[in-house]
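Hi,

Here is the structure I promised to pass on. Have a look at it first, and then read my notes below.

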Amino acid sequence: MRSNKVLFRNIDTQILLIYIIMILYGLLNIFAANYDNDIMILFNFKSEPFKQSIWILSSFSLIFFILLLDGKIFASLSYFIYFLSILSLIIVLFIGKEIGGARSWFNISTMLSIQPSEFAKIGTLLALSKYLSQININISKLSVQIFSLTIIFIPILLILLQPDAGSSIIFFSFLLILFREGISKYYLILAGIAFSLLIFSLKSSTKFLIISLIIILIFLLIYMINKKKLKSNLKLLLTVSIILFSYIKTINFIYNDVLKPHQKNRIDLIMGKVVDIHGIGYNLNQSKIAIGSGGLFGKGFLKGTQTKFNFVPEQSTDFIFCTIGEEWGFIGSFFTILIFILFLIKIITMAERQRSTFSRIYGYGIFCIFFSHYFINIGMSIGIVPTIGIPLPFFSYGGSSFWSFSILLFIFIKLDSYRMDILR
Amino acid sequence: MNRNKFTNRRIFFYFLILSSSLILLIKLFFLQIIDNSYKLSAEKNVVKQEIIYPKRGYIYDRNKILLAGNQRAYDLMVIPREIGNIDTLKFCKIIDLKLESFIKKIQKSKNYSSFKESIFLKEISKRKAAKFQEYLYEFSGFFLKERTMRKYTENSCSHILGYVSQVPDYIIKSNKYYNYNDNFGITGVERSYEKDLRGNKGIEFFFRDVWNRKMGSYKNGKYDSLAINGKNLDLTIDIYLQKYGELLMQNKKGSIVAIEPSTGEILTLISSPNYDPNLLVGQNRSENYIKLYKNKNKPLFDRSLLAEYPPGSTFKLINALIGLQEGVISPGTKFPCDNGWEYNKDLKVGCHKHRSNLNLKEAIAQSCNSYFCHTFGKIISKYKNTNIGYNKWRDHVLSFGLGNYLNNDLYTGKPGKIPTQSFYDIQYGKNRWKYPTIISISIGQDALLLSPIQLANMTSVIANRGYFYTPHIVKKINDKEINNEFLIAKFCSIDKKYFQPVINGMENVISSKFGTANNAKIKGMQICGKTGTAQNPHGKDHSIFIAFSPKDDPKIAVAVIVENSGWGSTWAAPIGTLMIEKYLTGEISNSKLENFIKNATIIDDSYEK
């Protein structure tokens, strides 16, 4: 097609600018997290800032390659890519390198490991977009809903087998795409109720919750008897209460019998049920200390003490936000969050301007991925989300995640460049 | 485009972005701006204070010979959380530890804290530390911390110097300076001059990382303080004389105290048996302490300061002086002695055989019991009743620095005992005792008790003809002469003129062929002395001797007590005169006598060092 003749035709410059700000600010903070009173760290081939620079530079060629491709190729190859990523998720279970109790990495060389679950995000999203953008698909049909859920849940199951609960949670966010594409709003309300019940049942005792529900039901019954509507609604009331009780029981069962002790501990910690600053809560507490000590203006670039002296574990990967919070203070945190707000709103507006359903769904898909990473990562650093080891997009150190975030974003930028074309 | 009818749902997504970001920002606002506690935690996290221990002051003798210095030692520290998978058996073998105590110590450290360092083994020797250092990399969680501990360079002066150990709890509670595990002088000079010797600790604040590594100073050392090293002490002790005395006293129980009368400086302070002061240094201190504590000859007991003996015949000198002062006798006064003094049939004080009707000088030289019984009787009878007479007599005695603490710079002491009137009132009933009842006090028995240092000080008073300086142990602090009440002379109640006749008698004790210590005579030396034999209800008599020399312008006054050895003349007197000769001339003319004393064993079972 003619569009390929000019590589950067119709490329959105605003999102490109936000992207560049993010990687530069991110790199600065990775440097700060590693800084050891020695500027030479920049030139040490084994240092994280140096390695991250290599990842960033190499991703540019990848981006260039993506922009060179014909945009249609993503749609046409989507099932194939999905198949490949599922295959890699299966293979990693057998030959993957075990890090921290999870078999989730391919160890290619000492310098290079690749996490297939990162690329499965791309595959799953492409497959979902492809499936839902077909003309004859009606999302209100149960079969379509079930098939969509299958596409999402296959990688989730495989990742849970590794087991890497953190990465699998991201895939759940794809359910939001279904909402945008027209699934009944009751699903969302139901999900909201289910989520709040989950929080309540984990936070307070199950007994208390069930007693409160029974009291509410009794009041409802009295209300209905008074209004003489009991007969017509009795069936509904019964079904609802049975579902509610079994749901609570299920949460209870999963919490007590399925979750591993360390996962249970993390949940208890967030719910404030246990206070243990030296054991499981050590990371969280140190992270809060680092961020909290930043104050309004921060301690200044390279002047952080908590992150510098290794009090915060994984400070350049999952806990990179500590460095930002400590050295740049609330101003820096605010700026980071502002960048993400702009970035995410930009993605939504870009998705909405697509004429192609595929592109729009894909756009909402990357929104889900970036949003969940953003909220969970910063949320866990300040203790409002359980400690889940997932990176902050474009900020955290790590090649696989950086590459996959870049690929995700630039496929969308490429798709977006066809927004003026008639139809697809 | 058919499905784009749901385009309104994008509002939900905008709402999602803004509401979640708002939640994050509110939480961040509280964390970073409202709540200050995280700032404090951060400082506590990274700013660590380290105490810099000052060098403990050195201790020298009066000739500037080093007695106590410092040596490098190491504490083996542990951070239990960081202990890896170590070879426990190898570890125990290297540092010479039993497996059970290893487990116990680890548990103790864990109970203290898993995250903070604590002392695993205190004061391990340089050699062990060096060996451990080699294998350090195998034992993660353990590391060595340098500190100094005492090194006593002369195997001598154990009681004088005392020892240093971990500061006791009651001190920590009452004194803010000390922290758990600080060093503290427990006995001896180490205790009485603790404040001078210890110096002042310094504090250094620095940043540390999570592994406790130093990462630079905090606020450029604004809050740091330097350690001030302890002050050096010069003792009044003459180490040569001290060691010679210790040599003479080997395998004997007892004490030698020598004082320079013109200053009150203690030249020697010997308690025998003694021990190597280095036994109470370092890792094996408590083990050695228990061994010494259980030894039945009680080497830890400082006899020179804490033992109290009846002074025996040496006390006759005091009675003679009081008699002269009270005018009841004169140098020419003679009293009969028919194998002793007899009040009535039931009350007699025996005496050895000697020519009768002696004058004062002869009575002192030959230690006639009868003479001093008569003298004491006359003193008391001079007054209209016994009570007044006795109290008058007692006041004279007290003025010799007896019956009370000396209030000097030694960390311990005993007051001795000069019985009060009420003591006898209780024993015999008010007004139901007269001088004959307590007649044996005139020859230094009855309820009289003196410590060796008091005995030496009493000798000093006689040598000085009427005054003394409080005996003290430290001469200079940081090369500056001490300047305190020890330099003020304290006069006794006897006029100077009455001393000469008594001193003449003391000279004859040694020089006259009838003198009780004629056997201890040193050729060419003018030594004035007095023997004594203290009756001991628990066993053989204690042999006592006091002396000073030269007769005019005395340089040394000495008191010797050899426990359970019999007559004063046999053991204590030769030891006393040998000490004097050694001090004044630096050599010994009568090596036969020296060897006889040196090689004698007067102790139940030989004390092993």
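Which residue stands opposite B:Lys530 in S20(B)? That is B:Ile546. Before the rest, some housekeeping: this is a predicted model, in which local features need pLDDT of at least 70 and side-chain atom pairs count only at pLDDT 80 or more, while totals for chains, interfaces and linings use all residues. Residues are numbered from 1 along each chain as its sequence is written, and chains are lettered from A and ligands numbered from 1 in the order in which they are written.

Back to the sheet in chain B. Helices (H or I, at least four residues) and strands (E, at least two) are DSSP runs, numbered from the N terminus. Two strands pair if DSSP finds at least two bridges between them. On that basis, 5 strands of chain B make an open sheet, ordered S12-S11-S21-S20-S19, with antiparallel pairing. S12 and S19 (528-534) are the edge strands, each pairing on one side only. From one strand to the next the twist averages 10°. S19(B) and S20(B) run antiparallel and are joined by 7 bridges.

There are also two cis peptide bonds to look at in chain B. One runs from B:Ser272 to B:Pro273, with omega near 0°. B:Pro273 sits in the loop between strand S12 (265-272) and helix H11 (285-294). The other goes from B:Ser549 to B:Pro550, with omega near -15°, and B:Pro550 is in the loop between S20 (542-549) and S21 (556-562).

Next, some backbone angles. B:Asn478 has a positive phi, near 50°, though the residue is not glycine. B:Asp479, also not a glycine, has phi near 65°. B:Asn478 lies in the loop between S16 (474-477) and S17 (480-481) of chain B, and B:Asp479 lies in the loop between S16 and S17 too. Are they buried or exposed? A residue is buried if 20 or more other C-beta atoms (placed from the backbone) lie within 10 Å of its own, exposed if 12 or fewer, and partly exposed in between. B:Asn478 counts as exposed because it has 12 C-beta neighbours inside 10 Å, and B:Asp479 counts as exposed because it has 11.

Now chain A. It has 15 helices and 3 strands, and 42% of its 424 residues count as buried.

Helix H4 (116-132) packs against H5 (142-161) in chain A at about 170°, with the axes 9 Å apart. Axes here are lines fitted to C-alpha atoms, for helices over the stretch in contact, and angles run from 0 to 180 degrees between N-to-C directions. Angles under 35 degrees count as roughly parallel, over 145 as roughly antiparallel, 65 to 115 as roughly perpendicular and the rest as oblique. H4(A) and H5(A) are therefore roughly antiparallel. Residues in this contact (C-beta atoms, placed from the backbone, within 7 Å) include A:Ala120, A:Thr124 and A:Leu128 of H4(A), with A:Phe147, A:Ile151 and A:Pro155 among those from H5(A).

H4(A) also meets helix H15 (399-416) of chain A: the axes come within 9 Å and cross at roughly 10°, so H4(A) is roughly parallel to H15(A). Among the residues making this contact are A:Glu118 and A:Lys121 of H4(A) and A:Ser404 and A:Ile407 of H15(A).

Best wishes

Notes: Two residues are in contact if their C-beta atoms, placed from the backbone, lie within 7 Å.
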